Amino acid sequence: MNILVCFIAAPDLDKLIEEDWVIDKDLQIDTSFLKPTLNSYDESAIEIALRLSDASQKTKVSINHKALTIASTPATTILKTLNALRFKQVVRIDSQDDFRFRPGAIAYILSQYVLKHATQDVLFLGRQSTVGENAKTHLLVAERLGWPCITQVSGIEVIDENHLVVTSQVDDGQIRQKIQTPCVLCIGEVPNTFMRVPTIKDRMLYGKRPIEILSTTDFQLPDETEELLDLKVISHERHGIFIEGETPEQKARELYKMYLKERLEKI
Amino acid sequence: MIYKGILNGCSTDIATQAGELNNFISDNLHSEDTVGSTILFYSEKEQRDALIRLVPTESVKLVRITRYQPENILKALTTMEQGEMTHLYLFPSGFAGSEMAVRLAFRMKGSSLVQVKQIEYSGVQLIASKTVYANHVLGTFKLTKKPYCVSLAKGSANDQAINTRDKLIVTEYDMTHLHENQFIKASKAIPRKQASNLTNTRFLLIGGNGMKNKADTQYLKQIADTIGADFGVSRPVAMSGWTSLHRQVGVSGSMTKAAVCIVAGASGAAAFYAGIEKSKFIVAINTDSRAPINKTSDVAIIDDYKAVLDELVKVMREDRPI
């Protein structure tokens, strides 16, 4: 079974301090000093693909897993890690373009990659990126390919070469479905799927395998139907009064007496 | 402008969906030249009348289906809406709403945006805003192609009552003949065992990354039970599997609006804060004086959260038996 995991390397925004949130005239926020990381949805997608591969001896279904990103050079560190984790192939579609709010273009590239460069049975995508928060790419890829899509996936089992059992969250619970490939699976909240760390031996043996590099210029991009007009930093500030005291006990008593007692009586 | 709200009456969260639409319509779509209606999908005949009472517009199209299945809903919508002059389709904030907004726009050659907070229509384009950069920034976007399909931002429902009126039912459609998509070979719905009770809680205690293991989570849950608070966690705690996902607070979990919210051991990442920002009073307890949560809370204590909470239990017991 051919599985393509599509991911995005993005800055860890929680590392920015208040003063860093400056929007320039081109509607950019400088995050160049932050190391690119994977968001938790993409981490889960990668780990789930690796676990399916681990289980292939038991399921008797060979898993050919490939990882792909659209990124500029700094993502290389993550791609080397994926090599070390023994993904069969790692692909970077090189781009210096601003894709933060262009899910339509990303979906177009991914679907063209599948149609023209490498036939796949299943695509894994994380729910949304931390920067754009578009939450559209997986759906648009599915629409462009004419494939079905299951969103908020929380569990996947391989049944045979052409069938999976997929558990996903829906608005009032979960649904477990036996499905036929091909399909797009959008990975949602999946506890305990932190991406594994490769061994030093695997880093040495596999980390430096070549990465397939394509360019976004290989793809003729469609016009976007949504356009960014403005960005404004949101202020969430409140009073932020520090409760002082010699000991935690003193502070707790002050908190209750001055701030909580009356409020809790009204609840 | 002509708009249509789309409701999924097959889901048990239908009242929340209707509340969100009602609130969004009253805030954004009140000009005189705006005409709105609702398309309501449902499957259980006996629920029909109760569902109609939730509809936030005067006219409604009722569409009966066998069960909610995205492909079938899309097929039904594109068939029913072909040739209609609808400018805007509004979907609730849930998983289904965002999926439908994007896919319907693609199939109808329109434009879409999900998790939208506000809209403004100029006659030729729709301007919509939503949070980006993990809830740190508000982005304003122009949608250029009609129909505009948007899903609403999570937590936009409020307690505003829906005007009950004699609904004018425009049309009833029976789409129970639509077959399951063939890629599904078998399916089983697993209803949520424990309904999320955090959205409407009045008193909330939340544990963050300062909880280092399952025992810490259990300790904090016990404190919450003792002081009469509901218990929530930040995303990293939920992803560690130390408690069930329904306790997660933030953009990926519950959006709460407690009268009093105590946050223990959390730094206050913006995506988490979105889940508590509507709280009336926020208390932060953590050991990092530079943590963002200190500035975004009403009061903050810099200290070990366990020592503070243990004493809080004592003082509350002294003051009133708990």
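**The two chains and how they meet**

User: How many salt bridges are there between chain B and chain A?
Analyst: The count is 10, where a salt bridge is a side-chain nitrogen of Lys or Arg within 4 Å of a carboxyl oxygen of Asp or Glu. B:Arg235 makes a salt bridge with A:Glu189, for instance, and their closest N and O atoms are 2.8 Å apart.

User: Where do these values come from?
Analyst: This is a predicted model: local features need pLDDT of at least 70, side-chain atom pairs count only at pLDDT 80 or more, and totals for chains, interfaces and linings use all residues. Residues are numbered from 1 along each chain as its sequence is written, chains are lettered from A and ligands numbered from 1 in the order in which they are written, and side-chain values use heavy atoms, with hydrogens and water left out.

User: Which residues of chain B lose the most area to chain A?
Analyst: B:Phe95, B:Tyr133 and B:Phe183, together 11% of what that side buries.

User: What about aromatic pairs, how many over all chains?
Analyst: The search finds 4 of them. Rings of Phe, Tyr and Trp (its six-membered ring) pair if their centres lie within 6.5 Å; planes under 30 degrees apart count as stacked, over 60 as edge-to-face and the rest as tilted. A:Trp21 and B:Tyr133 make an edge-to-face pair, 5.9 Å centre to centre with 90 degrees between the planes.

User: Why does that pair join two chains?
Analyst: A:Trp21 is in the loop between β2 (9-11) and β3 (36-38) of chain A, and B:Tyr133 is in the loop between β6 (126-132) and β7 (137-143) of chain B, so the pair joins two chains. Helices (H or I, at least four residues) and strands (E, at least two) are DSSP runs, numbered from the N terminus.

User: Are those two buried or exposed?
Analyst: A:Trp21 counts as buried at 11% relative accessibility, and B:Tyr133 counts as buried at 3%. Buried is under 20% relative accessible area, exposed over 50%, partly exposed in between (1.4 Å probe, protein chains only).

User: What about A:Ala135 over in chain A?
Analyst: A:Ala135 isn't a glycine, and its phi is positive, near 55 degrees. A:Ala135 sits in the loop between β6 (122-126) and α5 (137-145) of chain A, buried at 11%.

User: Last one, what does chain A look like overall?
Analyst: Chain A has 7 helices and 13 strands, and 55% of its 267 residues count as buried. Its C-alpha atoms fill a box of roughly 65 × 45 × 40 Å along the principal axes.

Key:
Buried area = accessible area lost by both parts, 1.4 Å probe.
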